[in-house]
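This report looks at aromatic rings and the residues around them. Please keep the sequence and the 3D view at hand while reading.

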Amino acid sequence: MALAAATQLSRVDEPCPAETELSGSAEAAEYIADRCLTDGPPGRVGLEIEAHCFDPADPLRRPGWAEIGDVLQSLPGLPGGSRVTVEPGGAVELSSPPLAGAPAAIAAMAADQAVLRAAFAEAGLGLVALGADPLRPTQRINPGPRYAAMEQFFAASHTGSAGAAMMTSTASVQLNLDAGRRSRWADRVRLAHALGPTMVAIAANSPLLSGEFSGWRSTRQRVWSRLDSMRCGPVLGLDGTDPASDWARYALKAPVMLVHVPDAIPVSRYVPFADWADGRVRLGGRRAAIADLDYHLTTLFPPVRPRGWLEIRYLDSVGDALWPAIVFTLATLLDDPATADAAAEAVAPVATAWDVAARIGLADPRLHAAARRCVGLVAGRAPASLRDGMDRLAEMVEWARCPADDVADEVARTGVTATVARLAGGRS
């Protein structure tokens, strides 16, 4: 997402040249903390939405890299200005520019999605918004050397199955929000984390993986939870009062995944970045440089990642009927001062219930109560363009249902292949 392009931070210090060698972990920590959040008013919203690419006529077939590339080559200009990328397993992602407020961001993304889907439909393909691929085994089609090296890293770290599923079989809706005023950073980052389990339960939309029910409402969240918590777990420290220091500490303790020499190569042993920065370990025959630190930060995947803005990564990919309402709900709970304090109070009892949320969703009474309160805080603030979606979301939450329940019901009736074929064919 290009939120940074429009939120270029004004910093008193000039950025260091990328090839500059770090003097040690203290300098690395200062570099991370100085750049992780930008002081300024909140309000802009950027979106990243992924969808799995399927062939409706043969849902078990995974369209290839060249086949998807041909569609993208023919793609006309997108009216909302989104950028299109292809994930390792062939999921297609739209990344929007930041716009003023959730309604504008939602309208721009919806317009771009319509153009993208029409192009894929013209090619006989379909895009399916589910948090995990419900049918096909994991398989990488993106030939990029970064992803090949990541596969090797996950295999060496004994998380090969989860790593492959994360890269090739999961899809999300991601929000990118301004960091806000410095005086509110701690509260804002704490709230972004605390809302996570409740929003995971509301948006859960991945009851299957590779053709089988997983027993979880959000199998996507389960996959991420099986990866190294030092790379994919929450960033917050014990009290969460200094998010910049928490992020620096997190990043320096996280093991190095890849090193460029000049191609990306996996690091097959456990090396915290701090050890490389301090010279206790040499990787690629050298000490760590600024460019290595910048690259290391791109290999960390916490549910809320500070990148100058707040990158919120914990929502399953959800279909058109609900994702605008879910996006509006989360953005409003964080950006509207009138709802933020009430939301923090509502989700406090379940602020760390990530696994419960992913496993049983709103069937948990505490998560259900938090979700009802959060949606209730927002529903009356939705503009007319989002009213139908908010009404539908409020009804689902009232009945303690999430999108995964509808998917599971349909699969039970018609089978997973028929369900995917319908979704890929764009049939309601």
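The structure holds five aromatic pairs, a pair being rings of Phe, Tyr and Trp (its six-membered ring) with centres within 6.5 Å, where planes under 30 degrees apart count as stacked, over 60 as edge-to-face and the rest as tilted. Two of these pairs are set out in the table, each with the distance of the centres and the angle of the planes.

| Pair | Centre to centre | Angle of planes | Kind |
|---|---|---|---|
| Phe-273 and Trp-276 | 5.6 Å | 65° | edge-to-face |
| Tyr-314 and Trp-354 | 5.6 Å | 65° | edge-to-face |

The model is predicted, and local features need pLDDT of at least 70, side-chain atom pairs pLDDT 80 or more, while totals for chains, interfaces and linings use all residues. Residues are numbered from 1 along each chain as its sequence is written, and side-chain values use heavy atoms, with hydrogens and water left out.

Phe-273 and Trp-276 both belong to helix H11 (residues 273–277), where they are three residues apart, about one turn of the helix; helices (H or I, at least four residues) and strands (E, at least two) are DSSP runs, numbered from the N terminus. Both Phe-273 and Trp-276 are buried, which means under 20% relative accessible area, with exposed being over 50% and partly exposed in between (1.4 Å probe, protein chains only).

Because Tyr-314 lies in strand E12 (residues 309–316) and Trp-354 in helix H15 (residues 354–360), their pair ties together parts that are 40 residues apart in sequence. Tyr-314 is buried, with a relative accessible area of 1%, and Trp-354 also counts as buried, at 12%.
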